[in-house]
Each structure stands twice: as structure tokens, then as C-alpha cells.
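Please consult the sequence and the structure while reading.

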Amino acid sequence: MQPLMLHQTCDLGPIRAVTAAIKATATGCEAEFRLDGAVDAIILPETGPSVRTDDLWKTTCFEIFWQPIGGTYYREFNLSPSGRWAAYDFDAFREGMRDAPVDAISLGSSHASANGGGELVLKASIAADLPAPAQIALNAIVEHKDGGLQFWALAFGPGKAEFHSEACRQIIAERS
């Protein structure tokens with residue numbers, strides 16, 4: 001697991017650490033995200049059917065950005081602890097957005113909290129055409145019960161939190 005950093009404009013809030021991991025598989029990828037802190041002080045979306053759903057990033061959600069090395073095209077996955085998901089293709093930075101084809105996504109989420117501490121773990125198995133080698137970003141959006149948001153990533157470019165920026169893509173994935 002790799003640590004994600006909190007964007008400099010965000011208050012520390014109830015979540016104290018976020019870690020994530022990803023690996024390319026023969027059929028796509030597998031990822032895991034973990035939040036550590038006062039999980040009972042954040043918004044967790046209500047559990048629902050595992051269906052494609054837009055606007056998941058407006059509350060607690062995890063993201064993967066997958067960009068083949070040397071290209072401008074990239075794919076974004078939004079993965080919610082609710083079980084819902086989204087996948088989008090872009091031709092270039094925020095250009096040409098459209099639903100991405102996905103063969104299957106399986107999400108599992110668990111959380112526990114006690115005495116102001118706790119954890120939330122989300123595991124994802126994604127079956128989709130994901131060219132490798134690729135540069136990858138792993139991100140988290142955490143909504144506090146008071147309405148505040150935290151933005152977590154492997155790295156950030158200068159300025160506001162912008163997950164679509166190549167500066168966030170700090171992992172290189174290859175298939176063996």
C-alpha cells in the first residue's frame with residue numbers, strides 16, 4: 001500500500017491517513033483503498049446496487065486514472081463504498097468525456113469505528129481493456145459530516161486539487 005497525501009488546501013479533519021494499491025491483471029486491474037481515522041465522522045454513501053452511477057465524486061469516493069504511456073487518452077474510474085461505480089474515457093485533459101466500456105466491476109467495502117478511530121477499506125476488481133504500460137493515479141475524496149471535503153492523491157500539481165492532472169499519475173503499471 002502506498003500513502004496518499006492530503007491536498008494543502010484541505011483541513012486534516014477526521015481521516016488521518018489514506019493508503020492505496022493497484023496491480024494490473026490479465027483482464028484489467030485490482031485495487032484497494034484504505035481510510036484510517038474517525039470513520040464515523042465522515043459521510044458514507046448508502047449501500048445500493050452495483051450499477052453505473054454518475055456524480056459519485058460529490059461525496060466519499062475513490063478514483064483510479066489509467067493513462068497508457070505516451071498517449072493523451074485516459075480512463076477514469078469512480079468507486080463508491082456504496083457499491084456503485086462509474087467509468088469514463090477522455091481523449092485529452094478533460095476533453096471528449098464519454099462512458100467507458102467495462103466488462104465487469106466487483107466492489108467490496110467494509111468499515112469499523114470505535115472511540116474516534118476506525119477504518120474503511122474498499123477493494124475493487126475491474127475487468128476492462130486497460131492498455132499497459134500505463135501511468136496511474138489513485139485518489140480519494142472524503143466528505144465530512146459537516147460538509148467539508150478532503151482530497152487525497154499520490155501527488156498534486158500546483159494550485160487547486162485537480163485529479164485529472166498528469167501530476168497525480170505516479171504509478172507505472174505493467175503486465176508480466
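Contact means that heavy atoms lie within 4.5 Å. The model discussed here is predicted.

Q: What is S82 in contact with, leaving aside its neighbours within four places in sequence?
A: S82 is in contact with P45, E46, T47 and G48. The place of S82 itself is in the loop between β5 (74-79) and β6 (85-90).

Q: Why is S82 called buried?
A: The relative accessible area of S82 is 2%. Buried means under 20%, and therefore S82 is buried.

Q: What makes the link between the side chains of S82 and S80 a polar contact?
A: The two side chains are joined at 2.8 Å, and a polar contact requires a pair of N or O atoms within 3.5 Å.

Q: How do you know that C10 is in no disulfide?
A: The structure holds 0 disulfides. For C10, the nearest cysteine sulfur is that of C168, 12 Å away, whereas a disulfide requires sulfur atoms within 2.5 Å.

Q: Why does C10 count as buried?
A: C10 has 12% relative accessibility. The cut-off is under 20%, so C10 counts as buried. C168 is also buried, with a relative accessible area of 0%.

Q: Why are strand β8 and strand β9 said to pair?
A: Strand β8 (residues 104-114) and strand β9 (residues 117-127) share 11 bridges in the antiparallel sense. Pairing needs at least two bridges, so these strands pair.

Conventions: Residues are numbered from 1 along each chain as its sequence is written. This is a predicted model: local features need pLDDT of at least 70, side-chain atom pairs count only at pLDDT 80 or more; totals for chains, interfaces and linings use all residues. Side-chain values use heavy atoms; hydrogens and water are left out. Helices (H or I, at least four residues) and strands (E, at least two) are DSSP runs, numbered from the N terminus. Buried means under 20% relative accessible area, exposed over 50%, partly exposed in between (1.4 Å probe, protein chains only). A polar contact is a pair of N or O atoms within 3.5 Å; within protein, one must be able to donate a hydrogen and the other to accept it, and residues adjacent in sequence count only if both atoms are side-chain atoms.
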